[in-house]
Every structure is written in structure tokens, then in C-alpha cells.
Amino acid sequence: MFTTFLSLFPSSPSLSTMEGKLMAIPFLFTIFFTLHLTVTTSDSPQYQTLTIQPLPQLPQSLSWLTANELEQQQSTPSNTLTVQLQHVDLLSSSSFNATPNALFKLRLQRDALRVKSLSLLAALSAAPAKDFSSSIISGLAQGSGEYFTRIGIGTPPKYLYLVLDTGSDILWIQCLPCAKCYSQSDPVFDPSKSSTFATLSCDSALCRQLDSPGCNNHNKCLYQVSYGDGSFTIGEFSTETLKFRKTSINSVAFGCGHDNEGLFTGAAGLLGLGKGKLSFPGQVGKRFGQKFSYCLVDRTGSAKPSYIVFGESAITRNAIFTPLLTNPKLSTFYYVELIGISVGGTKVPVITPELFKLDAEGNGGVIVDSGTSVTRLTQPGYVAVRDAFRSGTKDLIRAPDFSLFDTCFDLSGKAKVKVPTVVLHFAGADVALPAANYMIPVNVEGGYCFGFAGANNGLSIIGNIQQQGFRVVFDLVGNRLGFVPRGCSY
């Protein structure tokens, strides 16, 4: 099979402020570094250089570009929608005044819950029908969608924070009257004050698309979304107008939640970006060409936000693509075919397509997810990649294991280190990762760890540590997923 090799060096909106010498490379534990690819012969191990910086402090305020600023920085046609994103740490009260080390631990806790939820959903979908849960189980756990945006809902629009999540399909927000509502940053949405709010009847086509629709005594469609951590939202499945800066989208189906309980925090609800028909891309696909892409840039160190683009402008000419696979038992996730991994320029022998194969029953497979931070590989695959990486870092001082990471180093007092290259081989596209996307700081004292982990089940997940700084493209017409080098520059 012909493949295209990419060496990806993500650029950042803050590049100009650093005199073109440093690139702000975003990921879970954001650092700044200078990246160089060491020139080697084909028989020599391949290394790249990382400049060491400790974990940064969390910015104290949000930074949003205006619609006019977005238009000035991105020339987009009328059928394109660009939405800014921010990291959820900037919205969570538990993150305020937290030290970098404490913030790191909070992120790992969220990530563990997130992976548990995604794995549970995949396992339930592959189970016999009699064992399948009657409620929808989504990927969001403890607000771990990781990125959020601000959207106007209703007429006149009331602007609310919504978490974006490629592991979920349903769009929902908290609504008055509340049987029970958690604390959010904005007033809870009151549908009685919107002229465009409409409930859906139980026999409507949209209601029938729910996995387990309910119906009340007034023939109103009811929804329920449950999460792997025990959180849930219940309410009326309705339609409403959404306002994205200057763009309005009418009659979008969403859950108007009156009973919302659990570990949610900060945001008013969730904007599902999954592959299912009721997700936001699924509902507005025809208007925006069934294409979208996102750029997840510096979480805490950049003045520029991440963003997501819907429409033809989501795809650029320098994107390379791998086919999207279909799980016959679960339509939500974005499955891809991972056929190998190279470390230091050599393919790891244990990593074969069969190791990550998605079978006909919905078991196994590899998904690309915006809300998972640390990439998980099936245990045999992870051990093989980890051991290959350890072999190439024998000159670095090892440090004790940290949380889920079992390959850590003491880089205190160092300015730069060389680490083996890591390349993810997808069907049709080989993606070379920057060093900062797999060597990540775990404290302010110079501790670093190899940023992959083993999965306790058959589902492997490509997390946003590997994605950050790249534009990740979802072409649902072509049924393919793409990566764009330097894709996050405005």
C-alpha cells in the first residue's frame, strides 16, 4: 500500500511573538520547545531534540476573538463556520489557583474517567443485545470533553458555554425548570423566553432516532444520557436556534435537561461531535458539506484559542488522509486503521494491523478522540512501543513511575535532550510526532514521562496529546480522516 510520510512540525498562533525562533507546542502539560530533526543515515536510530521547560501556570482569564477578528484572520466563504475553543481548565473552579503539579493530577483523573466511559460504551455495544444498556452512555465524564466554546441558544440568543466532544452524539443543555441542576457559569437556559424553542412529539422522526426515546403524558419526546461515572441528564428532546457569532442555524435538535446530576461542572451542557445522525455535524452536514476540522493548540500557554471549522474550508490541500472505518454496533466513534508504529526509525515488530483490528462484533479497533488526553494502546502494543523507546533513551536518567506512566525520566538541570522519533502508521498516511507530543512534563521539577499508556481492554484511543498542533480533518462525505502539518496557524 502506498503511503505518504509526513514530518509534522505544528506551528502556533503565538509564533510571531517569539521572533520566529520558538514554537508553542500545545498538549496536556503545555511546554515550549525548539524542535530539530537530527540528520541520520538510514541504518542509524533517528532522534529529535527537545528543549526542556517546566509546567506553566494556568492563565487567569479567557481570551476570545471577535467575529470581525476571525474574519480578518481567516478568509472563509459563507458556507463555512469557524468556532473558537478553550480548554476546560479555564472554566472549572477546581482549576483556579491550582499549582501546575496539582492541575496535572486533576487532568489525569479526568482522563481516567474519560477512558473508562469510552471503553464501557464500546464494550456494551459489542455485547449481545440482551445485555445492552437501555440508556445512552457517552464519553463525557467529569466534564472531560476537555475543550469548550460559547454558543448562543434561542431567540433572542442566550450565550452559554458548551463542551465539545467527538465521543458523544447528543447536544444538550440544562433548562428551567430544574428538578435538579448543577452549578454552571451562566444562568440556566429558560426555554419559555425563547420564541424559537419547540418540543418534539413522540412520533417525530428525530425522536425515533434516539437510542432509547421516552414519552410523557403530553406526547413530548424525552431523552436520557448517562455517563460512565454515574452522571446523567434527563429532559425533553426539542429543537432550537443556535447562534455562532454571525451565523444562525435553525431547528437543531437538542436535549433540554431538567434533571442533571453528577460530576458536571462549569459548562451549561455538551455539543456532541460524534459520527451519529443526531450529533451536531450529523444534523448540519448538508449545510456545511459534511466536513469539519479542529485545531487544538496550546492549552495554557498561548494567547490564541483553539478552533473548529465546519465547511469546505475545513480541508486544506496539504492534508493526508486515512479511511474511516465503520463499527456496525456503534456509530458514534471515529475509527481508523493503525497498521504500525515506528520508534527511532524502526518499525516495532509486535505492532501489526491485527493487533488493533476492529472485528465484525465491534470489538477492538482504534478511535481518534478530542476528549482523551493520553493515548492508550492495547497492552501488548503499548509494552512493545514502550520497550523500544526505553532502548533508545538509556542515556537519560530514569525517574520513578508517575500515575499511569511507567517510563519516566529526571531531566532537571538539562536544557535539551535527544529522544527517539515516534511515527504512527495509519492506512495511507504515516504521521511523525513532535517530541513534545510524547515526552511530557509531569511536574515543575524537571520530571518527564513517555506520554502513552496501556489499555485495559481492546479499545485503543489516539488522544489529543498526539493531535495538538495539527489540524485534524473529518471528511464525512469521503469517509476519511486527515492530518495537516502546520495546520493550526491562523
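This is a predicted model: local features need pLDDT of at least 70, side-chain atom pairs count only at pLDDT 80 or more; totals for chains, interfaces and linings use all residues.
Figure 1. The angle about the S-S bond is 95°, and the link of C202 and C215 is right-handed. The pair joins distant parts of the chain, 13 residues apart: C202 sits in the loop between β11 (198-199) and α3 (205-208), while C215 belongs to strand β12 (residues 214-215).

**Figure 2. The disulfide of C207 and C221.** The sulfur atoms of C207 and C221 lie 2.1 Å apart in this disulfide. An angle of 85° about the S-S bond makes the link right-handed. C207 is in helix α3 and C221 in strand β13 (residues 221-227), so that distant parts of the chain, 14 residues apart, are linked. Both ends are buried: the relative accessible area is 1% for C207 and 0% for C221.

**Figure 3. The disulfide of C178 and C181.** C178 and C181 are bonded through sulfur atoms 1.9 Å apart. The link is left-handed, with -85° about the S-S bond. C178 counts as partly exposed at 32% relative accessibility, and C181 also counts as partly exposed, at 25%.

Figure 4. The structure holds five disulfides. With the bonded cysteines numbered in sequence order, the pairing reads 1-8, 2-3, 4-6, 5-7, 9-10. A disulfide is a covalent bond between the sulfur atoms of two cysteines. The cysteine C295 is buried, with a relative accessible area of 0%.

**Figure 5. The salt bridge of D186 and R150.** Side chains of opposite charge can pair when their charged atoms come close. The side chains of D186 and R150 meet in a salt bridge, 2.9 Å from N to O. The partners come from distant parts of the chain, 36 residues apart: D186 from the loop between β10 (172-174) and β11, R150 from strand β8 (residues 147-153). D186 is buried, with a relative accessible area of 15%, whereas R150 counts as partly exposed at 28% relative accessibility.

**Figure 6. The salt bridge of K180 and E261.** In the salt bridge between K180 and E261, the closest N and O atoms are 3.9 Å apart. The cut-off for a salt bridge is within 4 Å, so the pair with 3.9 Å between these atoms is counted. K180 lies in the loop between β10 and β11 and E261 in strand β15 (residues 247-261), so the contact ties together parts that are 81 residues apart in sequence. K180 counts as partly exposed at 49% relative accessibility. E261 also counts as partly exposed, at 24%.

Figure 7. R480 forms a salt bridge with D475, and the closest N and O atoms are 2.7 Å apart. R480 counts as partly exposed at 30% relative accessibility, while D475 counts as buried at 4%. Elsewhere, R386, D387 and D406 are linked in a network of salt bridges. A search of the whole structure finds eight salt bridges.

Key:
Residues are numbered from 1 along each chain as its sequence is written. Side-chain values use heavy atoms; hydrogens and water are left out. A disulfide is a pair of cysteine sulfur atoms within 2.5 Å. Buried means under 20% relative accessible area, exposed over 50%, partly exposed in between (1.4 Å probe, protein chains only). Helices (H or I, at least four residues) and strands (E, at least two) are DSSP runs, numbered from the N terminus.
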